[in-house]
Amino acid sequence: MIDACDPGLTGAFATYSPHGLAVLPMPTYSEKAGKLNRERPFLDEPAILDYLQGRRMMGGRVLLIEQVGGIPGQAAHGAFTFGHGAGFIKGAAMALGFEVEEVPAMRWKSALKVPAIKRQAIERATQLLPAYAHLWPLQKHDGLAEAAMLALYGWQTRGAL
């Protein structure tokens, strides 16, 4: 089995195995924060740790994480928060004994012929994994589709672990 993660607030976890595919939206919670005291989403780090512990107990050994970097035009605070979350996931997985591989989006998307446009990425996930298209029914579910394709990429490149 291969576990994969599309990090970020709208990302997801996915597991691909001979038994099928499972996806989990990134665990988050909302809280008022900032100067304007508006509701903002945050990664639910305890829930992520619980999920990873469960995956490890079920035999998970490898976690592929999409390699992250700054997005042109992104505010420094947003970039820091995104990087912090990705770093938390990587660190937690490593502490639990996962072999962690960061995979550049360009590599796995090129291998699976995944377009950069989110809507088209969902369409490609549906082509590659038609039995699971119900798992990403809306455009906002692109993180679920991308995590699923990253797990599929891991399965194809690493084989059955």
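1. K113 is exposed, at a relative accessible area of 64%, where exposed means over 50%, buried under 20% and partly exposed in between (1.4 Å probe, protein chains only). K113 lies in the loop between α3 (105-112) and α4, and its phi is near 60°, a positive value in a residue other than glycine. Most residues other than glycine have a negative phi.

2. This is a predicted model, in which local features need pLDDT of at least 70 and side-chain atom pairs count only at pLDDT 80 or more, while totals for chains, interfaces and linings use all residues. Residues are numbered from 1 along each chain as its sequence is written, and side-chain values use heavy atoms, with hydrogens and water left out.

3. The protein chain holds 5 helices and 7 strands, taken as DSSP runs numbered from the N terminus (helices H or I, at least four residues; strands E, at least two). Along the sequence these elements follow the pattern β-β-β-β-β-α-β-α-β-α-α-α. Of the 161 residues, 39% count as buried. Among the contacts with a separation of 6 or more, 61% come from residues 24 or more positions apart, contact meaning heavy atoms within 4.5 Å.

4. Helix α1 (residues 45-57) has 13 residues and spans 18 Å from its first C-alpha to its last, close to the 18 Å expected at 1.5 Å a residue; the expected span is 1.5 Å times one less than the number of residues. The buried residues of α1 are I48, L52 and R55. They cover an arc of only 60° around the axis, which puts them on the same side of α1, the arc being that of the directions from the helix axis to the C-beta atoms. An α-helix has 3.6 residues a turn, so residues three or four places apart point the same way. On the face of α1 turned away from the buried side are the exposed residues P46, D50 and M57. Just after α1, G59 has a positive phi of about 105°.

5. Where does D3 sit, and is it buried or exposed? D3 is found in strand β1 (residues 2-6) and is buried, with a relative accessible area of 2%. Leaving aside neighbours within four places in sequence, D3 is in contact with A14, T15, Y51, R55, G60, V62, L63, L64 and F98; R55 is also one of the buried residues of α1. D3 and A148 are 145 residues apart in sequence, yet their C-alpha atoms are 9.1 Å apart in space.

6. Helix α4 (residues 118-128) and helix α5 (residues 142-158) pack at an angle of about 45°, with their axes 9 Å apart. Axes are lines fitted to C-alpha atoms, for helices over the stretch in contact, and angles run from 0 to 180 degrees between N-to-C directions. The two helices are therefore oblique to each other, since angles under 35 degrees count as roughly parallel, over 145 as roughly antiparallel, 65 to 115 as roughly perpendicular and the rest as oblique. K118, A121, I122, R124, A125 and L128 in α4 meet D142, A145, E146, M149 and L152 in α5.

7. Helix α5 is mostly covered, with 14 of its 17 residues buried. D142 lies in this helix and counts as buried at 12% relative accessibility; not counting residues up to four places away in sequence, D142 touches K118 and I122. After α5 comes G159, whose phi is positive, near 75°.
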